[in-house]
Amino acid sequence: MTDLLHTLPNFPTKHYTHLIPSLEKSLITTTDLLTLDPLEVAKRAHLPLLDVRRLANHVLASLQSQLGVIDGTEALRKYEESSNLEDALSLKASGRTISKEWSAISTLDPLLDADLGGGIPTTYITEVTGE
């Protein structure tokens, strides 16, 4: 976690001072915190799962705010109001959740549309090949 302040120089670490030494000792980076399953991180660092989830969600909200993906106040509101920490600002989403959010062009084949989650997604580059 020594890279946290290099990645997010203004991140408020005072709420997580009890977690950071264990994460550093376990050689867990900010990337690990955001990409690995929180349960795996908690096991490796011998930390409470909910604390690891809170930290990961707060780091993600700060990154999204810094990169302009969402407004800073919106990011903190999502972080603070989250009743389900696993779903709030999570990088992970199921394929069905994602397919419900995109618009698609039908292939006019119901079976193929079902396999593609509604059709060929728009706003993506899609290459269809075959023999």
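This is a predicted model: local features need pLDDT of at least 70, side-chain atom pairs count only at pLDDT 80 or more; totals for chains, interfaces and linings use all residues.
**Ground rules.** I number residues from 1 along each chain as its sequence is written, and for side-chain values I use heavy atoms, with hydrogens and water left out.

**Overall fold.** I looked up the secondary structure and found eight helices and two strands, taking helices (H or I, at least four residues) and strands (E, at least two) as DSSP runs numbered from the N terminus. Along the sequence the order reads α-α-α-α-α-α-α-β-α-β. Of the 131 residues in the protein, 33% are buried, where buried means under 20% relative accessible area, exposed means over 50%, and partly exposed lies in between (1.4 Å probe, protein chains only). I also looked at contacts, meaning heavy atoms within 4.5 Å; of those between residues at least 6 apart in sequence, 43% join residues at least 24 apart.

**The largest nonpolar core.** I count as a nonpolar core a set of buried Ala, Val, Leu, Ile, Met, Phe, Trp, Tyr and Cys residues joined through side-chain atoms within 4.5 Å. The largest one here has 20 residues, and F11, L23, L33, L55 and V59 are the members that touch the most others. At least two residues of this core come from each of α2 (20–25), α3 (30–35), α4 (38–45) and α5 (49–67), and α5 gives the most, with six residues. I note beside this that in soluble globular proteins nonpolar side chains tend to be buried together.

**F11 and its aromatic partner.** Which residues does F11 contact, leaving aside its neighbours within four places in sequence? I found L4, L5, Y16, L55, H58, V59 and S62. I then searched for aromatic pairs, in which rings of Phe, Tyr and Trp (its six-membered ring) have centres within 6.5 Å, with planes under 30 degrees apart called stacked, over 60 edge-to-face and the rest tilted. The count by this rule is one aromatic pair. F11 and Y16 form that pair, which is stacked, at 5.9 Å centre to centre and 20° between the planes. Both F11 and Y16 are buried.

**Helix α5.** I checked the length of α5, which has 19 residues and reaches 27 Å from its first C-alpha to its last, close to the 27 Å expected at 1.5 Å a residue; the expected span is 1.5 Å times one less than the number of residues. G68 follows α5 and has a positive phi, near 80°.

V52 has its place in this helix and is buried, with a relative accessible area of 2%. Not counting residues up to four places away in sequence, V52 touches L33, P38, V41, A42 and L47. I also noted that the C-alpha atoms of V52 and L23, 29 residues apart along the chain, are separated by 9.5 Å.

The structure holds one salt bridge, defined as a side-chain nitrogen of Lys or Arg within 4 Å of a carboxyl oxygen of Asp or Glu, and it joins the side chains of D51 and R54 (3.0 Å, N to O). These two residues are three apart in helix α5, so about one helical turn separates D51 from R54. R54, at 32% relative accessibility, counts as partly exposed.

The side chain of D51 also makes a polar contact of 3.5 Å with that of H18; for a polar contact I require a pair of N or O atoms within 3.5 Å, where within protein one must be able to donate a hydrogen and the other to accept it, and residues adjacent in sequence count only if both atoms are side-chain atoms. Apart from residues up to four places away in sequence, D51 touches H18 and L19.

**Loops with positive phi.** I looked for positive phi in residues other than glycine and recorded L27, near 60°, and L108, near 70°. L27 is in the loop between α2 and α3 and is exposed, with a relative accessible area of 68%. L108 lies in the loop between β1 (104–105) and α8 (110–115) and counts as exposed at 78% relative accessibility.

P121 and A104 are 17 residues apart in sequence, with their C-alpha atoms 4.2 Å apart in space.
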